[in-house]
Amino acid sequence: MTGVRAGLGAAAVAAAVTAGVRRVLDTDPPGGAARWTRTNHRGEPVSMLEGPAVAAGLVAGALAAGSGRTASATALATAGAGAFGLVDDLAEDASTRTKGLRGHLGALAQGRLTTGGLKVLGIGTTSLVAAAVGTRRTGGAVGHVADVAVNGALVAGTANLLNLLDLRPGRALKAAALLSAPAACGATGATTGAVAGAGAVAATGDLAERDMLGDGGANALGALVGSQWAFGAPRPVRVAALAAVVGLTLASERVSFSAVIDATPWLRRVDRLGRRPAEAAAPDLADAARASDEDARA
């Protein structure tokens, strides 16, 4: 019962903060509204203000879900992923955009730091620090170091994976809800409420194609879900989850997730649930506001 109350409290806090931050940002968007506006495949304006609002709600919800090192670590990972994702959203040079995780790492190897490369380094660092804070020591020093490494990689990898999925309205929100649900029964279950609360506020605008998460919102969402698994699941489950995340990330360099989803009937139905119907003259193309090319995701 205590866990249920904590989850409900986290949902309420996350929803209230997400809605409140969004209202403030709508009143006076930093840098002006145009800086936060993109154009989708319908030629309609889409706001990226959803991203920082959701990130703020998730951080608040994570802190409300509990106390101690796990809550602090989850909030740190979520805030770091949201902040570095937001930098990539707003500071990326579209004229020289480096595509894909492989592209950003390649640029780093050549001594060039792209905004995507900065995001990779920043999220990786904050995820590892969060893992060091939130990972309980259950054995010797070597085992603990290995757990920290696995947990940090899982948090960072899930942050990236949710960003890779944010190519259609509502897709990242749905994926986060599905991935977060199994963790509701574990030690970090109350943070599922944070995902639900922030997602419920954001879903209407996202599905209606008025808003988008952007990297800031999607990375934060993924970091929180990754933290749930990293700090609440047994070691074999965490290792298996990390393997799955790595496998999907590598696959994304060669395979279009959208093409796979569209070719799989049940995935296509879930993906389109609640979305505006595609126009007859405009087939279900990737939103230009979300990504002009799926390989641009890092």
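Modeller: Leu-121 lies in helix α5 (residues 115-134); helices here are DSSP runs of H or I with at least four residues, and strands are runs of E with at least two, numbered from the N terminus. The model is predicted: local features need pLDDT of at least 70, side-chain atom pairs count only at pLDDT 80 or more, and totals for chains, interfaces and linings use all residues. Residues are numbered from 1 along each chain as its sequence is written, and side-chain values use heavy atoms, without hydrogens and water.

Biologist: Why is Leu-121 called partly exposed?

Modeller: Buried means under 20% relative accessible area and exposed over 50%, with partly exposed in between (1.4 Å probe, protein chains only). Leu-121 has 44% relative accessibility, and therefore counts as partly exposed.

Biologist: What makes α6 mostly covered?

Modeller: Of the 25 residues in α6, 18 are buried. Across the chain, buried residues make up 49% of the 298 residues.

Biologist: How do you know that the span of helix α6 is close to the expected one?

Modeller: The expected span is 1.5 Å times one less than the number of residues. Helix α6 (residues 141-165) has 25 residues, and its reach of 36 Å from first to last C-alpha is close to the expected 36 Å.

Biologist: Where is confidence lowest, and where is it highest?

Modeller: pLDDT is the predictor's confidence in each residue, from 0 to 100. Its mean is lowest in helix α4 (residues 100-109), at 61, and highest in helix α2 (residues 50-64), at 97. The chain averages 87, and 86% of the residues score at least 70.
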